[in-house]
Amino acid sequence: MVAASDAPSLQAQAAALHQTVFGDSAADVEAVKRKEEAIGGLADTYVKLGDAKALTELLSALRPFFALIPKAKTAKLVRNIIDAIAKIPDSTDIQVEVCKQQVEWAVAEKRTFLRQRIQLRLASLYLDTAEYQESLKIVATLLTEVKKLDDKLLLVDIHLLESRVHHALRNQPKSRASLTAARTAANAIYVPIALQAEIDTQSGILHADEKDYKTAYSYFFEAFEQFAALDDPQAMAVLKYMLLCKVMLNDAGDVPSIISSKAGLKYVGPDVDAMRAVAKAYQDRSLKEFQSVLDSYKPQLEGDAIVHTHLTALYGTLLEQNLVRLIEPYSRVEISHIAGLIELPVAAVEQKLSQMILDRKFSGTLDQGAGCLEVFDGPPRTAVYDDALSIMDTLSSVVDTLFARSQNVVASV
């Protein structure tokens, strides 16, 4: 957070701001305004100190002050302090506890508006901690309440979160349905740019899962432009998804030009370097280089579940292409020889070959006793099925014609 030498001055600054907030009992307009500014400064100071516990205590200590100011300002201050806690690394568990405490307080004070937004934040945190069922329970409760209130903006946020949770559970139909509901609610109101960018990002993720990388790229591009205009840190992740789509579309050659563009240069760093290396390895069709990139940039590539999923599929495709090319000249070949050519363990190559045979990527059999692969031509395609379908089409046409003629005969009688 901060250097050890800066800590004393920041602690002194925090003490002075704390005195401004709690040392003055005045409740006039000017005093309240001063306290609001001091609360913001105090929260920022605690973030620099990395003191999540102090922020939690600050939120509890401010409850008497919240009774003196409008509910809208209270909601803003509470959300700002929770956002401040989120800026401190490894504070997810503390955020969950704070949200639970604030929900209880909001229920006791009958602050429905604030409670709903904190519950939404809690559901989002449950998504981050992989407690999906807890998240869905909160979402279901909020949807019932918010639909009655007809708060469209909050409804968009809830449906979008629901879509993300279902996507994490690999429930594509429900994830897409929730996203459609979010778009429907968004069409009826003005949607902030950041929220629209999040909707576009989720749309891109779902299209990528369906292997429609071209459409996914267009959604990611829209989201990236919006996040970049707001200087939102999410722009970096969306740029990675854009580059990933280019690789999956077999357009890896476009990756360097996107990175070197005016918008891309702003985000040059380990994440972008990782995608550049992936694109180069894919262009070279080098499995060894691809695996080396995955190992070298493990946090950037495996740390993101979406990137990791698609790169795993890409690695499998690249491995299949290389194996098919290597075994093409042979009718019988030792598996160890193929493994040596492709520079992978024999067990891994044997497993992949057996999978490819079962998937009918080529015709062959594994002789495990001799450690060999036997490749043979597949059975010739027979015309029986095509002829049968042609006959069925002809018969269907005949039946339709006879039916039409019988109808004409009945009508003429």
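L230 is found in the loop between α12 and α13, helices being DSSP runs of H or I with at least four residues, numbered from the N terminus. L230 counts as partly exposed because its relative accessibility is 41%, where buried means under 20%, exposed over 50% and partly exposed in between.

Because the model is predicted, local features need pLDDT of at least 70 and side-chain atom pairs count only at pLDDT 80 or more, while totals for chains, interfaces and linings use all residues. Residues are numbered from 1 along each chain as its sequence is written, and side-chain values use heavy atoms, with hydrogens and water left out.

Another loop, the one between α11 (193-209) and α12 (213-229), holds K211, which counts as exposed because its relative accessibility is 52%. K211 and C245 are 34 residues apart in sequence, and their C-alpha atoms are 9.4 Å apart in space.

A pocket here is an open set of points on a 1 Å grid where a 1.4 Å probe fits, with protein on both sides within 12 Å along at least five of seven lines, and lining residues have an atom within 4 Å of a point. Of the 46 residues that line the largest pocket, S124, D128, R164, E198 and Q234 are the closest to its centre. Two or more lining residues come from each of α5 (71-86), α7 (112-128), α9 (152-168), α11, α13 (234-248) and α19 (305-327). The lining of the largest pocket divides into 23 nonpolar, 9 polar and 14 charged residues, with Asp, Glu, Lys and Arg counted as charged, Ala, Val, Leu, Ile, Met, Phe, Trp, Tyr, Cys and Pro as nonpolar, and the others, Gly among them, as polar.

The second largest pocket has a volume of about 220 Å³, and of the 13 residues that line this pocket, E36, G40, K76, L77 and N80 are the closest to its centre. Both α2 (29-49) and α5 supply at least two residues of this lining, and α5 gives the most, with 7 residues. The lining of the second largest pocket divides into 5 nonpolar, 2 polar and 6 charged residues.

Side chains of opposite charge can pair when their charged atoms come close. The structure holds 20 salt bridges, each a side-chain nitrogen of Lys or Arg within 4 Å of a carboxyl oxygen of Asp or Glu. One of them joins K152 and D150 at 3.6 Å, N to O; K152 is partly exposed at 28% relative accessible area, and D150 is partly exposed at 48%. In the salt bridge between K246 and D254, the closest N and O atoms are 3.5 Å apart; K246 counts as buried at 14%, whereas D254 is partly exposed at 32%. K352 forms a salt bridge with E320, with the closest N and O atoms 3.4 Å apart. This pair links distant parts of the chain, with K352 in helix α21 (residues 346-358) and E320 in helix α19, 32 residues apart, and both K352 and E320 are buried. Finally, K280, D284 and E289 are linked in a network of salt bridges.

How values were computed
Buried < 20%, exposed > 50% of the residue type's maximum accessible area, 1.4 Å probe, protein only. Points joined across faces, edges and corners; volume = space filled by probe spheres on them.
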